[in-house]
Amino acid sequence: MHVIYNIGIHLTRFILQVLALFDLKIKKGVTGRKETFEILKNSISATDKTLWFHCASLGEYEQGLPVFEKLKQHYKTHKIILSFFSPSGYEVRKNTPLADAVVYLPLDTKKNAIRFLNLAHPELTVFVKYDIWPNFLKEMQVRGKHAILISAAFRKHQTYFQWYGSPLRKALFVFEHIFTQNESSKILLESIGYNNVTISGDTRFDRVSKQLGMDNHLEFIDRFKGETLCIVGGSTWPEGEALIAKYINTHPSKDLKFIIAPHNIKPNLIQDFIDSIKEPVTLFSKKDTADLKNTRVFVIDTIGILSKIYSYADIAYVGGAVGTTGLHNTLEPAVFGVPIIIGSNYDKFPEAFDLIKAGGTFAISDQNSFDKILDELIENTSYRKKTGQANAQFIDKNKGAVIQICNFLRI
C-alpha cells in the first residue's frame with residue numbers, strides 16, 4: 001500500500017505541474033515549493049533550536065495560532081518554522097512575525113522529507129486538524145522527533161479507517177498524542193488501536209474569544225451603520241449572495257443595512273454581485289470618497305478585517321454551505337453574541353451542528369427559508385438577542401483546549 005501511495009504522490013506532482021499552466025493559485029503552490037529549501041537554508045542554521053508548525057491552509061493556521069503563540073512565548077530561544085500546503089494560507093501569512101521561516105510544505109516524498117528535516121531539524125512539531133503526510137511523519141519517527149496533532153476531527157468514511165488506508169493509518173501512530181475536537185473522533189481513533197488521545201475541543205474557541213479583548217473599532221463602519229440594524233454576510237459565495245441580493249431588492253427598508261464580505265474578491269465577481277442589487281452600493285476600496293451614511297450595501301473588497309466587522313453585526317450570514325465550497329468560520333460572529341444563518345450543506349462541520357443545537361444558528365435551504373428566518377430575526381428583537389446570546393454562551397463554554405494542550409507539553 002505504501003508503494004501505491006508513493007506512486008500517487010509522484011503522479012500528483014505531475015498533475016499539479018500541468019494544472020499550474022492554467023490555474024494561478026496552483027501555479028503559486030508549484031512555484032513556491034521550489035523555493036522552500038532555499039528559504040530554510042537562509043533562515044535556519046544547523047545549530048538553531050527549532051519548532052515546526054504545519055497547517056493545510058489559513059483556517060488551520062487561525063485554529064492553531066493560540067497554541068503557536070504559547071509555544072513561541074515559552075521557547076524564546078527557538079526559531080519557528082511555519083509551513084502551509086495551500087497558497088490561500090501561505091500568501092496571507094508569509095510575513096507573519098510569528099515565524100522565522102514561512103514555507104510551502106514540499107510534496108510528501110521520502111527524498112523531500114529527508115531534505116526538509118535535515119534543514120529544519122525541529123525538536124517539536126505541531127500538525128493542525130487533518131493535514132497528515134506519511135513520509136514526513138515516518139522520517140520524523142526514524143529520527144525520534146516529537147510530534148502532536150491538535151484540533152483533530154475525524155469521520156468514519158475517511159481513509160484512515162478503511163481497509164486500504166494503511167499508510168495514513170500508520171502515520172497517525174507517529175504522533176505522541178492527538179487532541180480531538182469531539183468524542184466521536186476519539187472513538188474512531190480507539191477503533192484502530194490508537195489510544196494516546198484527549199478530547200480537548202477546538203482551539204478556535206480560544207482563538208475567537210481573544211477577539212473580544214481586542215480593539216474592533218472601525219471608523220468607516222461607524223459611519224456606514226449609524227443606528228440602523230446591520231446584517232453582515234461573511235465569506236460569501238455567489239450562491240448565497242444571490243439569496244442576499246434578492247432579499248435586499250424585495251425589502252427596501254432604509255433602517256436595514258448590509259455589509260457583504262465575499263470570500264473571493266476578484267473584481268468581476270464583485271461586480272456581478274453589485275449589478276444584481278437595485279439599492280445604493282459602496283465598495284471598501286472607495287469608502288473615503290463615498291457617502292456611507294446614505295449607502296445601504298457596503299461590499300468589502302479586501303481581506304483581513306472580517307473578524308472586526310462581525311462586531312458590528314446584529315445578524316450574520318456565513319457563506320459556503322449554500323453551495324458545495326464548505327462552510328466558513330461560524331465561530332467568529334458567534335463570539336459577539338450574534339444569531340447566525342448558514343446553508344444546509346454543513347455535514348462536515350461539527351461546530352455547526354452544535355451551534356444549531358444551542359439555538360443560535362439556523363440552516364436554510366432556499367430563498368423562502370432564508371427570507372423567513374431573516375424576517376423573524378429582524379422583526380423580533382427579543383428573539384434576536386436571545387438566539388445571539390446562545391451563540392456567545394456556546395463559545396464561552398467550549399474554551400480551554402489551549403490549556404489542555406499546554407499542560408501536556410508542560411508549558
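The model is predicted, with local features needing pLDDT of at least 70 and side-chain atom pairs counting only at pLDDT 80 or more, while totals for chains, interfaces and linings use all residues. Residues are numbered from 1 along each chain as its sequence is written, and side-chain values use heavy atoms, with hydrogens and water left out.

**Annotated domain**
- An unreviewed UniProt entry carries the annotation "domain: 3-deoxy-D-manno-octulosonic-acid transferase N-terminal" for residues 35–206; such annotations may be inferred rather than shown by experiment.
- Over residues 35–206 the chain is 42% helix and 20% strand, and the end C-alpha atoms lie 33 Å apart.
- Helices (H or I, at least four residues) and strands (E, at least two) are DSSP runs, numbered from the N terminus.

**Helix H18**
- Helix H18 spans residues 401–409, and its residues Ala401, Val402, Ile405, Cys406 and Leu409 are buried. Buried means under 20% relative accessible area, exposed over 50%, and partly exposed in between (1.4 Å probe, protein chains only).
- An α-helix has 3.6 residues a turn, so residues three or four places apart point the same way.
- Ile403 and Asn407 are exposed on the other side of H18.
- The buried residues of H18 pack against helix H3 (58–74), helix H9 (204–209) and the strands S4 (124–128), S5 (146–152) and S6 (177–180), where contact means heavy atoms within 4.5 Å.
- Arginine 410 follows H18 and has a positive phi, near 60°.

**Nonpolar surface patch**
- Leu11, Phe14, Ile15, Val18, Leu19, Leu21 and Phe22 make up a nonpolar patch on the surface, with about 750 Å² of accessible area together.
- Patches are made of residues with over 30% relative accessible area and no salt bridge, joining like charges within 9 Å and nonpolar side chains (Val, Leu, Ile, Met, Phe, Trp, Tyr) within 5 Å. A salt bridge is a side-chain nitrogen of Lys or Arg within 4 Å of a carboxyl oxygen of Asp or Glu. Accessible areas come from the Shrake-Rupley method with a 1.4 Å probe, and for residues only the protein chains shown count as cover.
- Leucine 19 sits in helix H1 (residues 2–19) and counts as partly exposed because its relative accessibility is 38%.

- Histidine 121 lies in the loop between helix H5 (110–120) and S4, and is buried at a relative accessible area of 17%.
- Leaving aside neighbours within four places in sequence, histidine 121 is in contact with Ile44, Ser45, Ala46, Asp48, Thr50 and Lys145.
- Histidine 121 and isoleucine 44 are 77 residues apart in sequence, with their C-alpha atoms 9.2 Å apart.
- Although not a glycine, histidine 121 has a positive phi of about 30°.
- Serine 151, also not a glycine, has a positive phi of about 55°. Serine 151 belongs to strand S5 and is buried, with a relative accessible area of 0%.

**Glutamate 239**
- Glutamate 239 is part of helix H11 (residues 238–250) and is partly exposed, at 37% relative accessibility.
- Not counting residues up to four places away in sequence, glutamate 239 touches Val322 and Gly323.
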